[in-house]
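User: I would like to learn how to read a few features of a structure. Please take me through them one at a time, with the general idea before the case.

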Amino acid sequence: MSLLNDLINLNLSDVTEKTIAEYIWIGGSGMDLRSKARTLSGPVSDPSKLPKWNYDGSSTGQAPGEDSEVILYPQAIFPDPFRRGNHILVMCDAYTPAGEPIPTNKRYDAAKIFSHPEVSAEEPWYGIEQEYTLLQKDVKWPLGWPVGGFPGPQGPYYCGIGAEKAFGRDIVDAHYKACLYAGINVSGINGEVMPGQWEFQVGPSVGISAGDQLWVSRYILERITEIAGVVVSFDPKPIQGDWNGAGAHTNYSTKSMREDGGYEVIKKAIEKLGLRHKQHIAAYGEGEGNERRLLCDQHFLMERNTYVMDSLYVLVDWDILNVGDRGASFGRHGEGGQRLFRGSEACRTWIHLLRQPSSGNHRKDHEKYCLV
């Protein structure tokens, strides 16, 4: 085993300039990640300098057997925390041989939106709170739970410490550091309300890079749990009953929202969201498991067809401003009483969207990006 570890950790730069690029893409389910590696003649830092590659789409549910070739277009490069050195992870999207985006390629349309001059001028920021559950591999039951049984009720586990409250912290910390090594802007981690459930936050990230960073952070987490012999689940409601679901709450702001007068811009954006609430809920995974979380989670969310405006129209009275309403469709965050409503550099303001599932494809519902 020690020899195997030595070989895995070989420093190739001692003997060759060749580097390894791990091409990553999203599979046919819209949630599964796939990857394969190729050798490059030397270091590459610009994705446009990388070669396109192909794969068998019939084996990933993305093409028929009689016309199975799918082409990978490199879109973003990240330092590889597993191989290190000059080796890289490459986030790709997928196209037909004729150059058309395949149906599961949601990045293509999102990139068009983010490159629009009016959108890019607003410098849209995202902060995504990715929740997930660690499962015992052979029984698919949460890490730290007795097999076939249940731990004590929720309460002591959120941000808890100690062997009877925090399960899998070594995996969580390994993932945290690996993401930072890869240049992913992970801003923090914490234990969640259900034991065996954790969260990491990606952002603030600008535009399309938020989606790229989230997907690669999920890839890194899958790889680390593979090494640890643990399963990571992004199921929005992994355990039925009085146990928390898992979300991917999304914090969003534009340049106009962050400047003086930004509160009015936020209100207009929220009104736009309200007009298409049911369509957004469908895009967030209706029929893919998120409805189990929205309907059954007693701790946070109201019935999924209800759009809740909480207390956004209260401007100065902190005592009745309910910024912490977990039953709302969104929350609003800031710092310090009345200062909350100034869009100054000292007090940034943003929208906090609460309905996204942990399994969400953050490129799927492009209309939620168009709040400017």
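Analyst: Gladly, and we can begin with strands. Two strands pair if DSSP finds at least two bridges between them. Helices (H or I, at least four residues) and strands (E, at least two) are DSSP runs, numbered from the N terminus. This is a predicted model, in which local features need pLDDT of at least 70, side-chain atom pairs count only at pLDDT 80 or more, and totals for chains, interfaces and linings use all residues. Residues are numbered from 1 along each chain as its sequence is written, and side-chain values use heavy atoms, with hydrogens and water left out.

User: How many bridges join β8 to β9?

Analyst: Five bridges connect β8 (residues 186–191) with β9 (residues 197–206), and the two strands run antiparallel. For example, Ile189 has Phe200 of β9 as its bridge partner. The two strands form a hairpin with five residues between them, and Gly196 in the turn shows a positive phi of about 90 degrees.

User: Are Glu123 and Cys159 partly exposed or buried?

Analyst: Relative accessible area decides: buried is under 20%, exposed over 50%, and partly exposed in between (1.4 Å probe, protein chains only). Glu123 has 37%, so it is partly exposed. Cys159, at 44%, is also partly exposed, while Cys92, at 4%, counts as buried.

User: How many disulfides does a search of the whole structure find?

Analyst: A disulfide is a covalent bond between the sulfur atoms of two cysteines. The test asks for a pair of cysteine sulfur atoms within 2.5 Å. The search finds zero disulfides.

User: Which residues of helix α2 are buried?

Analyst: In α2 (residues 107–114), they are Arg107, Ala110, Ile113 and Phe114. The arc is that of the directions from the helix axis to the C-beta atoms. These residues cover an arc of only 120 degrees, so they lie on the same side of α2. Contact means heavy atoms within 4.5 Å; the elements covering the buried residues include β4 (69–79), β5 (88–95) and α5 (208–228).

User: How many aromatic pairs are there?

Analyst: Rings of Phe, Tyr and Trp (its six-membered ring) pair if their centres lie within 6.5 Å; planes under 30 degrees apart count as stacked, over 60 as edge-to-face and the rest as tilted. By this rule there are twelve aromatic pairs. In one of them, the ring centres of Trp145 and Trp243 are 4.7 Å apart and the planes are at 50 degrees, so the pair is tilted. These two residues, 98 residues apart, link distant parts of the chain. Both Trp145 and Trp243 are buried, and together with Trp141 and Phe150 they form one aromatic cluster.
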